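Me: I would like to learn how to read surface patches, helices and aromatic pairs in a model. Could we go through them one at a time?

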Amino acid sequence: MILDQPLKKLFSSKPGKDSNVKSLLKSISWRIVGTIDTIIISYFVTGEFVMALSIGSVEVFSKIILFYFHERVWESVPKVKADDTQKEYA
């Protein structure tokens, strides 16, 4: 495939870490699920579909941004291997 290698580079980074693009796509897909959930709950609470849509549309953008930064912070936390743990206490 022509786009195979460029796409592979776009989605890969250091071994064991997600790329920035993959984190962004994960945050967007998760927000779609979360927004549908928010709209459904808002509809049950308010009983108004228009109000539920407006609540869902407001929170979708803020939560994408928050999740992206949350994901990047967790990616920056060093991962401890089982061997490293034993060396610290030896």
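Me: What should I know before I start?

Reply: This is a predicted model, in which local features need pLDDT of at least 70 and side-chain atom pairs count only at pLDDT 80 or more, while totals for chains, interfaces and linings use all residues. Residues are numbered from 1 along each chain as its sequence is written, and side-chain values use heavy atoms, with hydrogens and water left out.

Me: Which residues form the nonpolar patch on the surface?

Reply: Patches are made of residues with over 30% relative accessible area and no salt bridge; like charges are joined within 9 Å, and nonpolar side chains (Val, Leu, Ile, Met, Phe, Trp, Tyr) within 5 Å. A salt bridge is a Lys or Arg side-chain nitrogen within 4 Å of a carboxyl oxygen of Asp or Glu. Accessible areas come from the Shrake-Rupley method with a 1.4 Å probe, and for residues only the protein chains shown count as cover. Here the patch consists of Leu-24, Leu-25, Ile-28, Ile-32, Ile-36, Ile-40, Tyr-43, Phe-44, Phe-49 and Leu-53, with about 960 Å² of accessible area together.

Me: Which helix supplies the largest share of the patch?

Reply: Helices are DSSP runs (H or I, at least four residues), numbered from the N terminus. H2 gives the largest share, 8 residues; helix H2 (20-46) and helix H3 (49-76) each supply at least two.

Me: Why does Leu-24 count as partly exposed?

Reply: Buried means under 20% relative accessible area, exposed over 50%, and partly exposed in between (1.4 Å probe, protein chains only). Leu-24 counts as partly exposed because its relative accessibility is 38%. In H2, the buried residues include Ser-23, Arg-31, Gly-34 and Ile-39. The buried residues of H2 pack against H3, where contact means heavy atoms within 4.5 Å.

Me: How many aromatic pairs does a search of the whole structure find?

Reply: A pair of aromatic rings is described by the distance of the centres and the angle of the planes. Rings of Phe, Tyr and Trp (its six-membered ring) pair if their centres lie within 6.5 Å; planes under 30 degrees apart are stacked, over 60 edge-to-face, and the rest tilted. The search finds 3 pairs. One of them, Tyr-43 with Phe-49, is edge-to-face, at 6.4 Å centre to centre and 75° between the planes. Another edge-to-face pair is Tyr-68 with Phe-69, at 5.6 Å and 75°. Tyr-43, Phe-44 and Phe-49 form one aromatic cluster.
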